[in-house]
Amino acid sequence: MDMFQLFRDRSGEFKGSSLLTPPVTPWYEGKGQNVSLPANPSIRLVYYSLDDFKLLDYRQYVLNLTTANCDRKERKKTYELLYSLTTFYGVEDLTTKSLVKVFQRLKRNSNWFDEFFRFLTAGMETVDCEKTCRVAQICAMTGITPYHYDTCWNASDKLFYTKQLSSPKNSIIIFICISILPIIILLLIIGYILYKKFKASQNKTE
């Protein structure tokens, strides 16, 4: 998958990063519990400084399998540029500082995240990534340990453009409350009608 990860020190500051690249060969498994996202074949051209070997940029090239399999003329087509990281995200290089900026922008901008998710599978159209999917992808960038992942997940309402996800227990409680509320209201109405009839009958006897 085409993504990156950020590593924190004990104080919580980002001090390191790693780049993950999509596979050259596509693979997809949708049987049982082994569900994966399909991806186009992809290769990466990395630019770096000859002076200090700092990573400057990379360009991701893909072979669109959908187009190649549908059109015979496209079968001879070579890899084409999908995106350049520095150009698309507007950063100077591939340092940890720059990747932190990308991370912050992905959290705040849903349009950029949609493009990021498309890059994730090398341009292959897959599924709509909403709510749970978005938070899971964002937290996977920084939640290297279970503790950091859970912390990111629980803070999703404050950190991301998506609302915090309710836990299964909270969802069940909310569902029960919503289901019972109409019954309670109906019982109150029936009780009020019976009370009015009772008062009316008492007035007649008097």
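Me: Is Tyr48 buried, partly exposed or exposed?
Reply: In this predicted model, Tyr48 lies in strand E5 (residues 42-48). Its relative accessible area is 44%. Buried means under 20% and exposed over 50%, so Tyr48 is partly exposed.

Me: Which residues make the nonpolar surface patch of about 530 Å²?
Reply: Tyr48 is one of them. Phe53, exposed with a relative accessible area of 59%, is another member.

Me: Are the rings of Tyr48 and Phe53 stacked, tilted or edge-to-face?
Reply: The count of aromatic pairs comes to eleven. For Tyr48 and Phe53, the ring centres are 6.3 Å apart and the planes are at 25 degrees. Planes under 30 degrees apart count as stacked, so this pair is stacked.

Me: What is the angle between the ring planes of Phe88 and Tyr89?
Reply: Phe88 is partly exposed at 26% relative accessibility, whereas Tyr89 is buried at 3%. Their rings form an edge-to-face pair, 4.9 Å centre to centre, and the angle between the planes is 90 degrees.

Me: Over the ring of which residue does the charged end of Arg44 sit?
Reply: The ring belongs to a cluster linked by ring pairs, which includes Tyr83, Trp112 and Phe119. The charged end of Arg44 is 3.7 Å from the ring centre of Tyr58.

Me: Is the disulfide of Cys139 and Cys152 left-handed or right-handed?
Reply: The structure holds one disulfide, with Cys139 in helix H5 (residues 132-142) and Cys152 in helix H6 (residues 146-154). Both cysteines, Cys139 and Cys152, are buried. The torsion about their S-S bond is about -85 degrees, so the disulfide is left-handed.

How values were computed
Residues are numbered from 1 along each chain as its sequence is written. This is a predicted model: local features need pLDDT of at least 70, side-chain atom pairs count only at pLDDT 80 or more; totals for chains, interfaces and linings use all residues. Side-chain values use heavy atoms; hydrogens and water are left out. Patches are made of residues with over 30% relative accessible area and no salt bridge: like charges are joined within 9 Å, nonpolar side chains (Val, Leu, Ile, Met, Phe, Trp, Tyr) within 5 Å. Accessible areas come from the Shrake-Rupley method with a 1.4 Å probe; for residues, only the protein chains shown count as cover. A salt bridge is a side-chain nitrogen of Lys or Arg within 4 Å of a carboxyl oxygen of Asp or Glu. Helices (H or I, at least four residues) and strands (E, at least two) are DSSP runs, numbered from the N terminus. A disulfide is a pair of cysteine sulfur atoms within 2.5 Å. Buried means under 20% relative accessible area, exposed over 50%, partly exposed in between (1.4 Å probe, protein chains only). Rings of Phe, Tyr and Trp (its six-membered ring) pair if their centres lie within 6.5 Å; planes under 30 degrees apart count as stacked, over 60 as edge-to-face and the rest as tilted. A charge sits over a ring if NZ of Lys or CZ of Arg is within 6 Å of the ring centre and within 35 degrees of the ring normal.
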